[in-house]
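Visitor: Please take me on a close look at a single part of this structure. I would like to know how that part sits among its surroundings.

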Amino acid sequence: MNPLQILRGLWTVFRSMFEKPVTYQYPEVKRPVRQRFKGRHELKRYENGLEKCIGCALCAAACPADAIFVEAAENTDEMRFSPGERYASTYEINMLRCIFCGYCEDACPTEAIVLEHNYELSFTNRREAIYPKEMLLVPVPPNGKPTPQQVPSGEFNRAIPEMQNPD
Amino acid sequence: MSAASLLEWGLKSVVVFVIIVGGFAYLTLFERRVQARMQTRIGPNRAGPWGLLQPVADGIKLIFKEELIPAQADKLLFLLAPVVTVLPALIILAVIPLGPPVQIAGVQYSLGLASNVNVGVLYILAVASIAVYGIVIAGWSSGNKYALMGGLRSSAQMVSYELALGLAVIGPIMLAGSMSIDQIIAGQRGMWYVVLQPLGFLIYFIATVAEVNRSPFDMPEAEQELTAGYHVEYSGMKFALFFMAEYGKMIAVSFIGATLFLGGYLGPFVDRFWWLGPIYLVIKVVALLFVLVWFRATMVRFRYDRLMAFGWKILLPLSLLNVMITAVVFVLVGG
């Protein structure tokens, strides 16, 4: 209860009035997220446009919230979605269940599922909370072709890419 | 009473009401914006330009809220309490003149509802004390232990600080030699009473902060201990009335402080241009309100025993000392 201390406190508060506000005006100005931020999932593609996801459902097995549902179907060389035998014909993530832990990312053998930087996941009913494969899959890269592709036989037999030592 | 004077009184009453009700709405915005700036935030700026429609949005929201009356509540008192709390805040401004007397068509009009009443200061003290009944009734009738404790705290606090408040305003009364607000303002033509009564003004200010239950003396509604204190069971417009009472009292005590100590509507050239009077008064009131908000942004809540000790052991002796010194000097100088 030292009056001088009170005056010092008042002065500190008054001075901070003239500092720049730390607020981001959200819808207009978006604060960039951290590099390792875990936002909405994306299903990645290879350079040639093939999907990385091979429908193994390891992500669904790893998911602690049971948010992921995967159904696999057979690839053929005429109708090829991904390298190897199978691809995910259905891939759904329930965003109401997802806790954004990133275990699916860790479990994925082909690095197909990645938690990216989009955090604006609002919806107005429960059905919209289920993100189907079409919403999760990234667009076809510029020099790739959309799936399903017709490919020469024997070229994409290996489901999981060759592992390389990191540089 | 003639029709003309009825119209005059009606108009003045409307102005006093508009000052408190409109002032309440925009004081909330003012407080939120200023406090936000003090915390290096921006504050509400979405509703309308610079957030100017925010009070309207808040009001609409509160109107559409459900009005709950707890089953254990005393219904009549529960409904009466917000009214008893808000009324003093609305009528306390009646004795404050907003500007110097105006000559219109040869007739002199006073710019206050009853500023020539010869017990103006007494009226202020009396009306200000009524508000505590509303708070105690609200606390009691809610049938909630937190509300009851908030009500009890506020009554104890207001009783303690009202003594210091009453003694602080004795300074201006002695210097002016009158309890009439008009006389007190007239007495400040040479020099504002804040210069002659710095201690009195300080005591008045601290006591009013306690009187209107503002931080750091916001014991009755201490959120962390009592959830919301006496108005914990109130919702919707009944809650808004309590809110209005608190902010209305803030405005009222700022008006009173500006009038008793800061020369009211007095300022340069006010005798030549009467419309400068209200402008000067509003500037002084806003300055005092800013200090109230500033206090809230700076200080933490007092512990209850310290609050009581401060009121009885420091503020009350100081105000008595102030009265004594004022009286002695007044007699010696010969006033």
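This is a predicted model: local features need pLDDT of at least 70, side-chain atom pairs count only at pLDDT 80 or more; totals for chains, interfaces and linings use all residues.

Guide: Let's start with how helices are compared: an axis is a line fitted to C-alpha atoms, over the stretch in contact for helices, and an angle between N-to-C directions runs from 0 to 180 degrees. Helices (H or I, at least four residues) and strands (E, at least two) are DSSP runs, numbered from the N terminus. Our part is helix α11 of chain B, and its axis and that of helix α1 (residues 3-38) of chain B come within 9 Å, crossing at roughly 100 degrees. That makes α1(B) roughly perpendicular to α11(B) (65 to 115 degrees counts as roughly perpendicular, under 35 as roughly parallel, over 145 as roughly antiparallel, and the rest as oblique). On the α1(B) side the contact is made by Ile20(B), Gly23(B), Phe24(B), Leu27(B) and Thr28(B), and on the α11(B) side by Met244(B), Tyr247(B), Gly248(B), Met250(B) and Ile251(B). Here, two residues are in contact if their C-beta atoms, placed from the backbone, lie within 7 Å. Seven of these contact residues are nonpolar, three are polar and none is charged (nonpolar means Ala, Val, Leu, Ile, Met, Phe, Trp, Tyr, Cys and Pro; charged means Asp, Glu, Lys and Arg; the others, Gly among them, are polar).

Residues are numbered from 1 along each chain as its sequence is written, and chains are lettered from A and ligands numbered from 1 in the order in which they are written.

Now follow α11(B) from end to end. The helix runs over residues 236-261, and its 26 residues should span 38 Å at 1.5 Å a residue; the end C-alpha atoms are 37 Å apart, which agrees (the expected span is 1.5 Å times one less than the number of residues). Most of α11(B) is covered, with 22 of its 26 residues buried. A residue is buried if 20 or more other C-beta atoms lie within 10 Å of its own, exposed if 12 or fewer, and partly exposed in between, with C-beta atoms placed from the backbone. After α11(B) comes Gly263(B), whose phi is positive, near 80 degrees.

With 14 residues, α9(B) reaches 20 Å from its first C-alpha to its last, close to the 20 Å expected at 1.5 Å a residue. Like our helix, α9(B) is mostly covered: 11 of its 14 residues are buried, among them Phe201(B), Tyr204(B), Phe205(B), Thr208(B) and Glu211(B). After α9(B) you meet Asn213(B), with a positive phi near 55 degrees. As background, most residues other than glycine have a negative phi, and most peptide bonds are trans.

Trp50(B) also has a positive phi, near 55 degrees, in a residue other than glycine. Look for Trp50(B) in the loop between α1 and α2 (54-63) of chain B. Trp50(B) is partly exposed, with 13 other C-beta atoms within 10 Å.

Helix α5(B), residues 145-168, has 24 residues and reaches 34 Å, close to the 34 Å expected. At Glu162(B), α5(B) bends by about 25 degrees, the bend being the angle between axes fitted to the seven residues ending there and the seven starting there.

Finally, step back to the two chains. Eight residues of chain B are in contact with 10 residues of chain A. The side of chain A that touches chain B has six nonpolar residues, three polar and one charged.
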